[in-house]
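Open the model in your viewer and keep the selection tool at hand. The tour below goes from stop to stop, saying what to select and what is there.

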Amino acid sequence: MKVRPRILMDCDPGIDDAFAILCALRFTDLAAITTVSGNVSIDNTTRNARYILELAGAEVPVHRGAAAPLEVPAMAADDIHGRSGLGDMSVPEAMISEHSLRAVDAILEYCESGDAIIVATGPLTNIAQALLKDPTLAERISHLYWMGGSTSEGNVTDRAEFNAWADPHAVDVTFRSMVPLTMYGLNLTHQVRMTTEHIEQLRAAGSSTSMIMADLLAYYSTHGTVSDIGQPVHDTCAVLGVTHPELFSIEKSNIVTHVADDDRRGMTEVQDHDTTSATTVRVAGTAHASSVVDLVVTAAIDPAGDDQP
Ligand code: BDR
Ligand code: CA
């Protein structure tokens, strides 16, 4: 029997993070969630993570993380994800309570035995803080799958993606730690879009999760980078990169992260050759988009489903 990969997910839910959590529940062995400030405040991302888990009937520990980036002030993306982070819904308090262990210590504990897989779908603040707290940590992470950055266009500025722009110093610390990582940036995630057809599919399925996710997707579709070709569900790509690697093409690139607070802030720029300021990471380039979206729909309809033979 195929063993599900065990992962820790670091996230800032966020509508596409919510879809990513459901993918993690369906296709991985989700050991823990650590939350970070990003799309909305840490109070809201932590509450939203607990709510989505409860909605899915899952018991996974939730560890509260950083309330602000390493060096720059926190800036939300509530124009896209809504004031609560989950559209315009008033998110109910979940029964699942928050774990007393904070995110950085939860990450260190999770990685203790080595070969750890982490999926990060928000600013890299918690990951960077953990790497700074224990400089040997990178040796115990087998792979970090991160939704962030871009080798093409940006979505905060012309050239910077939100998670990289929100905490560029954390990207820099993480990349320089030499932790093996794959970047699922906008150059990839803009290929993976959900449309009104998927909203209808989710509604028609009528499950408790799919009805809520249909509402969230409808909100996201009118507030995101509105487009008649649908809205990119960025964060799901990093989770499915672990479980369905055959759906993504990957190549290695030398990347320089711009940390200065100027018009290049948060840019993850490809260098043609090695420079002292660049680090080599794996970059996801193309996705088999319809297959990725089918998996997202499946997870949103039945996150507890079992795909094992
Ligand atoms: C990323 O930014 C956030 O708004 C999304 O949740 C995603 O992680 C896309 O740029
Ligand atoms: Ca996110």
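Which residues lie nearest the centre of the largest pocket? Select Ala-77, Ile-80, His-81, Asn-155 and Phe-162, which lie nearest the centre and belong to a lining of 27 residues.

Before going on, note that this is a predicted model, in which local features need pLDDT of at least 70 and side-chain atom pairs count only at pLDDT 80 or more, while totals for chains, interfaces and linings use all residues. Residues are numbered from 1 along each chain as its sequence is written, chains are lettered from A and ligands numbered from 1 in the order in which they are written, and side-chain values use heavy atoms, with hydrogens and water left out.

**Stop 1: the largest pocket**

The volume here is about 410 Å³. On a 1 Å grid over the protein atoms alone, a pocket is an open set of points with protein on both sides within 12 Å along at least five of seven lines; a cavity is a set where a 1.4 Å probe fits but cannot get out, and lining residues have an atom within 4 Å of a point. Grid points are joined across faces, edges and corners, and a volume is the space filled by probe spheres set on the points.

Now select helix H1 (15-27), helix H3 (78-81), helix H6 (162-166), strand E8 (231-232) and helix H11 (234-243): each gives at least two residues to the lining of this pocket. Helices (H or I, at least four residues) and strands (E, at least two) are DSSP runs, numbered from the N terminus. The lining comprises 11 nonpolar, 10 polar and 6 charged residues.

**Stop 2: the cavity**

In the whole structure, a search finds 1 cavity of 30 Å³ or more. The largest cavity holds about 40 Å³ of space. To see its surroundings, select its lining residues, among them Ser-37, Pro-69, Met-75 and Asp-167.

**Stop 3: the sheet**

An open sheet is formed by 9 strands in the order E3-E2-E1-E4-E5-E6-E11-E9-E10, with mixed pairing; two strands pair if DSSP finds at least two bridges between them. Strand E3 (62-63) and strand E10 (268-271) are at the edges with a single partner strand each, so one side of each has no neighbour in the sheet.

Next, select strand E1 (residues 6-11) and strand E4 (residues 116-120), which run parallel and are joined by 3 bridges. Met-9 has Val-119 as its bridge partner in E4.

**Stop 4: the calcium ion**

Which residues coordinate the calcium ion (ligand 2)? Select Asp-12, Asp-17, Thr-121 and Asp-235, whose donor atoms are at 2.2 to 2.6 Å. Donors are N, O and S atoms within 2.8 Å of the metal (3.2 Å for Na, K and Ca); water is not among the atoms, so sites may look incomplete. Asp-17 in helix H1 and Asp-235 in helix H11 are 218 residues apart, and the pair links distant parts of the chain.

**Stop 5**

Go to Gly-14, in the loop between E1 and H1. The peptide bond from Pro-13 to Gly-14 is cis, with omega near -10°.

Then select Asp-115, in the loop between helix H4 (103-111) and E4. Asp-115 is not a glycine, yet has a positive phi of about 55°.

End at Thr-195, in the loop between strand E7 (193-194) and helix H9 (196-205). Thr-195 and Gln-231 are 36 residues apart in sequence, but their C-alpha atoms are 6.6 Å apart in space.

How values were computed:
Ala, Val, Leu, Ile, Met, Phe, Trp, Tyr, Cys and Pro count as nonpolar, Asp, Glu, Lys and Arg as charged, and the others, Gly among them, as polar.
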